[in-house]
Amino acid sequence: MTVRAFSLAYLAAILVAPVSLIFWRAFEHGRQPFWAAISNPTAVHALKLTLEITLVAVPLNTVFGVLCAIAIVRHRVPGMGLVNALVDLPLALSPVVVGLALYLLYGRSGWFGGWLNAHGLRILFAYPGMLLATTFVSLPFVVREVVPVLREIGTEQEQAAATLGASALTTFRRITLPAIRWAVAYGVVLTTARCLGEFGAVAIVSGGIAGRTQTLTQYVQASYENFDQTGAYAASVLLAALAILTLLLMTVMRRGDRSS
Amino acid sequence: MAIEARSVSKKFGDFAALEDVSVDVASGSLTALLGPSGSGKSTLLRVIAGLEVPDSGDVFISGREATALAPQKRGVGFVFQHYAPFTHMTVWENVAFGLKIRKRPKDAVRARVDELLELVQLAGLGKRYPSQLSGGQRQRMALARALAPEPEVLLLDEPFGALDARVRIELREWLRRLHDEMHVTTIFVTHDQEEALELADSVVVMNKGRVEQVAGPRQLYDEPANEFVMSFVGPVNRLDDGWVRPHDIELRHEANGSTREAQVLRVVRLGFETRIELERDDGERLHAQLTRDEADELELRDGDIVYVRTRKSRRF
């Protein structure tokens, strides 16, 4: 068997078959049950919550990611090596552990939890906790995409801009940012995909209350456990569609990148 | 003086790139910083541009103290060794950059950029990207970009280093003509003594972070201050505690009182010049430089015995 045939077979067995099965089961009885399942208020709320978390976590991690990458590459400050290593922690750490750590910090008997609760600020079982968990697990992607590109372009163009009279901000806007824009875009796509799909860490800190703190991934699990298989499959299809959309976006961008 | 560096020192870790360097550059002159790699010449250029901060010493540009001034505020144009083109901008946008960020009116920007592209012989290539240019074209684009904001001083780091030999010589002559037209005070860094002697009004010879000599090309060649300058500026033979230029060695077929016997090891014909590699009777190796006519007249062949006399030798 050739290498290509083997990789295709592997992809079909591991990726394509399960995802296709989800689509097939969701539309097994036609489109009507599918629409009914995803337009029920709990499902709509879960979708909205997932998007609300994603739309805040992605910009946060994009700004942080770009600044962090510049700090790692451009500034020879002691401690930057540690930061570089720490950025990868969310990739290595199981999301469940992240959730548990947040629970220990912000829970009623946690380090910050007592004080925050006394001042009426709810972190756990509420939007802030879910945002924290999602931001944590999706943190490395922009940094990891931007760091190698910054290394590759070097500092000469920035120095040239400085000798031509450009301020640090102008240099960043007109020279550095255009040079890393595709790396940032890939990072944003990966971060978005990760945020949409997040389950483990959020599951621990959200409590998964239907119609209140339930994200789309949690809705899938809850529906499945309640023998609402159509609901579970329909929501899964929605998640898969969002993921495929982001991947398509990335492919289109890669094409744009190559032509520039 | 357009540029003055006073007692400038700069260390990178344990490596002393510049040690107590003082240089004066006259207004409107074309000055070469000449030296081997690691001599500190590029570091000195970067200190003048404000891209490196010296550990001690002062820099003055047009009489103004500039030591602590940011590169943006020095009125200096800098051409990098590898040109540092803005890769995502066209040639036109590259040249316009320094003018646009100064918020010059659009018409003035267009007129100035077109004029500069004409000057550097890139008119018609404005819409190309730097990756679509040859090395020589990229170099001229970088020069136009540096000249656009009308700097008081133009600094060039190994401007011809990355080009092939023929383009290098063409650009050299072109840069000299350009300088004669524009009179911008210019400093360029080079490790090529021929380039320095051909182009510059004044040459600063550097070695191991120090200035060895500052002189015009002719004085540098004829009156080198020390052994380093003698051996770095032009080819040289070390003979009997003295230094002899190969063209100051005379060859003849008959001995007289002041000649030494030597054997021809190899005759190398380089167009107009012929180089003769010799071994003297005491085993000392040397080479002589003759014109083609002189060499033809002597009819030298490998293995011949000749008699050698030195016309002019220097001791330090």
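Which residue in strand 8 of chain B is the bridge partner of B:Thr31? In this predicted model, in which local features need pLDDT of at least 70, side-chain atom pairs count only at pLDDT 80 or more, and totals for chains, interfaces and linings use all residues, the partner of B:Thr31 in strand 8 of chain B is B:Ile187. Residues are numbered from 1 along each chain as its sequence is written, while chains are lettered from A and ligands numbered from 1 in the order in which they are written.

The secondary structure of chain B comprises nine helices and 17 strands, where helices (H or I, at least four residues) and strands (E, at least two) are DSSP runs numbered from the N terminus. The C-alpha trace of chain B spans about 75 × 45 × 35 Å along its principal axes. Of the 316 residues in chain B, 39% are buried; a residue is called buried if 20 or more other C-beta atoms lie within 10 Å of its own, exposed if 12 or fewer do, and partly exposed in between, with C-beta atoms placed from the backbone. Two residues are in contact if their C-beta atoms, placed from the backbone, lie within 7 Å, and among contacts in chain B between residues at least 6 apart in sequence, 63% join residues at least 24 apart.

Strands of a sheet pair through backbone hydrogen bonds, either parallel or antiparallel. Here two strands are taken to pair if DSSP finds at least two bridges between them. An open sheet of chain B is formed by six strands in the order 6-7-8-3-9-10, with mixed pairing. Its edge strands, each pairing on one side only, are strand 6 (76-79) and strand 10 (210-215) of chain B. Neighbouring strands of this sheet are turned by 15° against each other on average, direction ignored; for such angles, axes are lines fitted to C-alpha atoms, for helices over the stretch in contact, and angles run from 0 to 180 degrees between N-to-C directions.

Within this sheet, strand 3 (residues 30-34) of chain B pairs with strand 8 (residues 185-190) of chain B in the parallel sense over five bridges. Strand 3 of chain B also runs parallel to strand 9 of chain B, to which four bridges join it, and there B:Thr31 stands opposite B:Ser202. Strand 9 of chain B is mostly covered, with five of its six residues buried. Strand 9 and strand 10 of chain B run antiparallel and are joined by five bridges, with B:Val203 opposite B:Ala215 in strand 10. In the hairpin of these two strands, which has two residues between the strands, B:Lys208 takes a positive phi near 50°.

A further open sheet of chain B consists of four strands in the order 2-1-4-5, and its pairing is antiparallel. The edge strands in this case are strand 2 (15-25) and strand 5 (64-65) of chain B, each of which pairs on one side only. Strand 1 (residues 3-12) and strand 4 (residues 56-61) of chain B run antiparallel and are joined by five bridges, and B:Ala5 stands opposite B:Val59 in strand 4 of chain B. Helix 1 of chain B lies across strand 1, strand 2 and strand 4 of chain B, running at about 115° to strand 1 of chain B.

Helix 2 (residues 91-100) of chain B is also mostly covered, as eight of its 10 residues are buried, among them B:Trp92, B:Phe97 and B:Leu99. The buried residues of this helix pack against helix 3 (106-119) and helix 4 (135-147) of chain B.

In chain A, the 12 residues of helix 6 (residues 95-106) should span 16 Å at 1.5 Å a residue, and the end C-alpha atoms are 16 Å apart, which agrees; the expected span is 1.5 Å times one less than the number of residues. The buried residues of helix 6 of chain A are A:Pro95, A:Val98, A:Gly99, A:Leu102 and A:Tyr106. These residues cover an arc of only 100° around the axis, which puts them on the same side of helix 6 of chain A, the arc being that of the directions from the helix axis to the C-beta atoms. Helix 5 (89-92), helix 7 (113-118), helix 8 (127-137) and helix 12 (200-206) of chain A are included in what covers them.

The contact between the chains takes 14 residues from chain A and 18 residues from chain B. On the side of chain A that touches chain B, the elements giving two or more residues are helix 10 (156-163) and helix 11 (168-197) of chain A, and the largest share, six residues, comes from helix 10 of chain A.
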